Amino acid sequence: MDFALLASVAGFAFASCATPGPNNMLLTHTATRFGYGPTLKLLLGIMLGLQLLLLFSALGLGQLFLRWPILQWTLKILGSGYLLWLAWQIAHSAPPDAQKVETSMNWRQGAVFQIFNPKAWLMAVSAISGFTLAGPQYWSSAWLILAVFLAFGIITGYFWMIFGLNLRIWLRSARDWRRFNQGMALLTAASVVMIWY
């Protein structure tokens, strides 16, 4: 495989996976609220969902978005609505209560969340349409893209998860939690703006 292609895919994957977006905000919030174990499962679910989006794009689903822009607009509208609803839920979530059993989003929900995540779709379609090679090298280049996105997705997602775990030590009062939740909600809502521009 061409080193220049690998470097290009790696740069795109790092920029796409490391920057703030719905997945990273969700990982940070979940790590802060629920701890290491549930967030690691969520990260693996998110990566499974992203890998499926990349695979479906390689199989031709991404071409539908390129051929019929109305599908892309529909996805953006539905995804934006879902992300704004999620931001609202985060903003209004109460501080953790040791007496109350709460559950985080599980790995299956993390995988399904990718269907409603416009940034994930844009990454998948852009990666496959922009970096796959024509002809007999198509599938080898597509598998390379999936592998690189898996590696960078896990590494950068793990970073956001550790960031969230370290934030926990600063959140001692209900007021701290309220401010944190509002900040995470604002960043989640702001990711909708990035989707449209």
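Let's start with helix α5, whose buried residues are Leu75, Lys76, Gly79, Ser80, Leu83, Leu86, Ala87 and Ile90. Buried here means under 20% relative accessible area, with exposed over 50% and partly exposed in between, using a 1.4 Å probe and protein chains only. Helices are DSSP runs of H or I with at least four residues, strands are E runs of at least two, and both are numbered from the N terminus. As a reminder, an α-helix has 3.6 residues a turn, so residues three or four places apart point the same way.

A word on what we're looking at. This is a predicted model, where local features need pLDDT of at least 70 and side-chain atom pairs count only at pLDDT 80 or more, while totals for chains, interfaces and linings use all residues. Residues are numbered from 1 along each chain as its sequence is written, and side-chain values use heavy atoms, leaving out hydrogens and water.

Now the whole chain. The protein chain has nine helices and zero strands. Buried residues account for 43% of its 197 residues, and its C-alpha trace spans about 60 × 35 × 25 Å along the principal axes.

Back to α5 and its partner. The axes of α5 (residues 69-91) and α7 (residues 118-131) come within 9 Å and cross at roughly 145°. Those axes are lines fitted to C-alpha atoms, for helices over the stretch in contact, and the angles run from 0 to 180 degrees between N-to-C directions. On the α5 side, Gln72, Leu75, Lys76, Gly79, Ser80 and Leu83 meet Pro118, Trp121 and Leu122 of α7; contact means heavy atoms within 4.5 Å. These residues divide into five nonpolar, three polar and one charged. Nonpolar covers Ala, Val, Leu, Ile, Met, Phe, Trp, Tyr, Cys and Pro, charged covers Asp, Glu, Lys and Arg, and the others, Gly among them, are polar.

How do α1 and α8 pack? Helix α1 (residues 3-18) and helix α8 (residues 138-167) have axes 9 Å apart, at an angle of about 35°. The contact includes Leu5, Val9 and Phe12 of α1, and Leu144, Ile145 and Val148 of α8. That contact divides into 15 nonpolar, four polar and no charged residues.

Let's zoom in on one residue, Val9, in helix α1. Is Val9 buried or exposed? Val9 counts as buried because its relative accessibility is 0%. Leaving aside neighbours within four places in sequence, Val9 is in contact with Phe131, Ile145 and Val148. The C-alpha atoms of Val9 and Thr132 are separated by 9.5 Å, though these residues are 123 apart along the chain.
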